[in-house]
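Let's take a walk through this structure together.

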Amino acid sequence: MSFDRVLIWLPPIICFASIWGLLSLFVWSAWQALRQGTVHLKRLHAIPCDRCVYFTGDFRLKCTVRPVEAMTEDALGCRDFEPISKPIPQRDPQKSCGTCSKCNCSISKAKPTCATASKASRL
Ligand code: SF4
């Protein structure tokens, strides 16, 4: 093979290798950015402030106990975290108490003291 033929094939080979090298580098860096973003998002979702009783939801005073650390990564593992208790489920006033089938009172089954049920039990 003469030196002239090598000179003819050398630029396309260099361009081909450069393009594929740059494309590979781009894909690798995009994958790394996606992985780091996912890890950071998981860490941010672990901040417990939105489930805490001391969180006010007001941007001027986010937390009444630790206003500086609230909603930041410093709040991870906060010692003052107090979970919000679940609200007490309310009974539907349209449903029957279950004591009798005649009324639509909202008295719970634990205390069957509705007037219709007590009249029925006396008879
Ligand atoms: S007490 Fe801690 S967990 Fe609760 S809102 Fe304040 S900083 Fe967040």
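Find Ser-85 to begin with. Ser-85 belongs to the loop that runs between strand S2 (61-63) and helix H2 (115-122). What lies across from it in space? Take Val-53: it is 32 residues away from Ser-85 in sequence, yet their C-alpha atoms are 8.3 Å apart.

Now zoom out to the whole chain. The protein chain has 2 helices and 2 strands, and from the N terminus on they come in the order α-β-β-α. Helix H1 covers residues 3-45. S1, which covers residues 55-58, pairs with S2 in the antiparallel sense over 2 bridges. To see how they line up, look for Phe-55, which stands opposite Cys-63 in S2.

Those two residues turn up again when you look for the nonpolar core. The largest one has 6 residues: Phe-55 and Cys-63 are in it, along with Cys-49, Cys-52, Ala-70 and Ala-75. Beyond its neighbours within four places in sequence, Ala-70 is in contact with Cys-49, Phe-55, Lys-62, Cys-63 and Ala-75. Over the whole protein chain, though, buried residues make up 7% of the 123 residues. As for contacts between residues at least 6 apart in sequence, 29% of them join residues at least 24 apart.

There's a ligand to visit too. Which residues are closest to it? They are Cys-49, Cys-52, Cys-63, Cys-78 and Asp-80, out of 14 residues that surround the ligand. Cys-49, Cys-52 and Cys-63 are names you've already met in the nonpolar core. The shell around the ligand divides into 11 nonpolar residues, 3 charged ones and no polar ones.

Finally, how far should you trust the picture? The average pLDDT of the protein chain is 82, and 69% of the residues score at least 70. Among the elements, helix H1 has the highest mean pLDDT, at 95, while H2 has the lowest, at 55. Where pLDDT is low, the predicted coordinates should not be read in detail.

Methods
Residues are numbered from 1 along each chain as its sequence is written. This is a predicted model: local features need pLDDT of at least 70, side-chain atom pairs count only at pLDDT 80 or more; totals for chains, interfaces and linings use all residues. Helices (H or I, at least four residues) and strands (E, at least two) are DSSP runs, numbered from the N terminus. Two strands pair if DSSP finds at least two bridges between them. A residue is near a molecule or strand if its C-beta atom, placed from the backbone, lies within 6 Å of it. Ala, Val, Leu, Ile, Met, Phe, Trp, Tyr, Cys and Pro count as nonpolar, Asp, Glu, Lys and Arg as charged, and the others, Gly among them, as polar. A residue is buried if 20 or more other C-beta atoms lie within 10 Å of its own, exposed if 12 or fewer, and partly exposed in between; C-beta atoms are placed from the backbone. Two residues are in contact if their C-beta atoms, placed from the backbone, lie within 7 Å. A nonpolar core is a set of buried Ala, Val, Leu, Ile, Met, Phe, Trp, Tyr and Cys residues joined through C-beta atoms within 7 Å. pLDDT is the predictor's confidence in each residue, from 0 to 100.
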